[in-house]
2 protein chains.
Amino acid sequence: MLNTNENDYQLGVSMRNGNRCMGGWLRGKLKGCGYKMTLAREAILDVIVKNNDHLSAEDIYLKVMSSFPGVGLATIYRTLEILVCRQILYKFDFGDGVARYELAESKDFKGSKGHHHHLVCTKCSKVVDYTDFIDKEVKLLNETEEELSKKYNFNITNHFIQFYGLCERCRSKR
Amino acid sequence: MLNTNENDYQLGVSMRNGNRCMGGWLRGKLKGCGYKMTLAREAILDVIVKNNDHLSAEDIYLKVMSSFPGVGLATIYRTLEILVCRQILYKFDFGDGVARYELAESKDFKGSKGHHHHLVCTKCSKVVDYTDFIDKEVKLLNETEEELSKKYNFNITNHFIQFYGLCERCRSKR
DNA sequence: CTCAATGCAAATCTTTTGCATGCTA
DNA sequence: TAGCATGCAAAAGATTTGCATTGAG
């Protein structure tokens with residue numbers, strides 16, 4: 001969907017470490033942890049970087065298939081697991097029993113969306129990313145996080161907010 | 001786990017409508033919608049009321065089995081679906097691929113926990129209910145909700161917050 | 001050359017569904 | 001008695017795993 005070259009260009013401009021694009025940066029991040037870079041993994045990273053939009057494993061599989069036919073669905077799952085572990089991806093559940101993934105935020109590259117939360121339609125599963133009020137929200141969450149960490153002896157690494165409701169289209173249907 | 005009689009007693013005191021306990025109130029709520037009250041449904045409601053603590057369908061199934069052997073797992077799922085639809089239960093996903101349920105809050109009975117959110121250990125799936133800072137949190141969420149509703153034309157019915165991290169025990173293990 | 005990574009197929013696990021039968025209202 | 005609710009078994013759907021083979025470093 002995205003224009004590849006434009007994407008590479010923007011990222012190239014902001015990074016001078018020899019990697020031409022975010023894909024390169026991610027490759028480095030994986031290799032640095034001892035993972036081998038394979039054609040399958042390249043293709044998967046590529047798809048994720050260029051379609052950063054709540055993709056499911058199946059979505060990714062289908063897209064990877066077109067650039068690298070013969071890839072196995074199991075490889076997609078295995079790679080996604082690594083990427084989630086390495087905190088390169090976030091894994092979400094929007095309530096339909098299918099895991100979805102998006103690039104984690106990182107100050108090191110601009111391809112990821114900024115910090116945002118989700119507004120999910122319980123009928124059609126449409127997802128809106130919103131960033132409105134994020135600052136206030138994040139401030140409160142950070143405070144809460146800190147206090148909860150102390151009180152319950154948790155090492156909190158993440159939070160998750162979602163609003164659920166009916167989108168305009170689904171509402172007018174009934 | 002809970003003391004049944006004590007539970008019934010407390011609830012009995014607060015309700016004078018002919019139902020002796022929250023289970024009775026719930027039964028009324030179901031019947032009022034045209035659902036038939038069956039032994040299976042009675043048993044399921046009973047288990048939920050007396051073990052209101054993030055139970056999975058399987059958990060509920062096993063507990064119901066002991067008071068009503070012969071119940072089918074499918075019946076558990078079918079009943080839970082109704083209860084969620086009727087907003088008697090909330091359905092949660094704590095990230096381990098298993099749906100969990102707890103009584104929705106209601107001003108009409110006291111058996112439900114108050115409004116709270118969850119702190120989930122990503123290692124052992126332990127869940128802490130916390131109510132700290134809930135007021136501030138809820139205030140912010142309500143504001144956000146209202147503004148999001150307007151801006152994105154969503155009819156927002158629900159929100160969901162969760163913090164993730166490592167609990168003390170899991171942290172010390174590694 | 002070594003061992004991590006892969007593809008495929010089978011297995012697993014949760015949840016849903018079809019259908020003949022039972023039970024509530 | 002009518003038709004909703006049930007149990008059972010099978011199906012569905014997402015994800016994981018075992019294993020022989022491939023390929024990156």
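View 1. Two copies of a chain are related by a rotation about an axis and a shift along it. In this predicted model, local features need pLDDT of at least 70 and side-chain atom pairs count only at pLDDT 80 or more, whereas totals for chains, interfaces and linings use all residues; side-chain values use heavy atoms, with hydrogens and water left out. Residues are numbered from 1 along each chain as its sequence is written, and chains are lettered from A and ligands numbered from 1 in the order in which they are written.

**View 2. The interface of chain B and chain A.** In this interface, 38 residues of chain B are in contact with 37 residues of chain A, contact meaning heavy atoms within 4.5 Å. Because 97% of the interface residues of chain B are also interface residues in chain A, the copies meet through the same surface. The two chains bury about 3400 Å² between them, 67% of it on carbon and sulfur atoms; buried area is the accessible area (1.4 Å probe) that two parts lose on being put together, summed over both.

**View 3. Polar contacts and the elements of chain B at the interface.** Across the interface there are 18 residue pairs in polar contact, both residues at pLDDT 80 or more (a pair of N or O atoms within 3.5 Å; within protein, one must be able to donate a hydrogen and the other to accept it, and residues adjacent in sequence count only if both atoms are side-chain atoms). On the side of chain B that touches chain A, at least two residues each come from strand 4 (117-121), strand 5 (127-130), helix 6 (134-152), strand 6 (155-166) and helix 7 (168-172) of chain B. Helices (H or I, at least four residues) and strands (E, at least two) are DSSP runs, numbered from the N terminus. Strand 6 of chain B gives the largest share of this side, 12 residues.

**View 4. Strand 6 of chain A beside strand 6 of chain B.** The two strands run antiparallel and are joined by 11 bridges; strands pair if DSSP finds at least two bridges between them. Opposite Asn155(A) stands Leu166(B), in strand 6 of chain B.

**View 5. Salt bridges.** A salt bridge is a side-chain nitrogen of Lys or Arg within 4 Å of a carboxyl oxygen of Asp or Glu. Lys151(A) and Asp132(B) meet through their side chains in a salt bridge at 2.5 Å, N to O. Another salt bridge, at 3.4 Å, N to O, joins the side chains of Lys139(A) and Glu143(A). Both Lys139(A) and Glu143(A) lie in helix 6 (residues 134-152) of chain A, four residues apart, about one turn of the helix.

**View 6. The open sheet of chain B.** Three strands of chain B form an open sheet in the order 1-3-2, with antiparallel pairing. Strand 1 (55-56) and strand 2 (89-93) of chain B stand at the edges with a single partner strand each, so one side of each is left without a neighbour in the sheet. Strand 1 of chain B is joined to strand 3 (residues 99-103) of chain B by two bridges, and Tyr101(B) in strand 3 is the bridge partner of Leu55(B).
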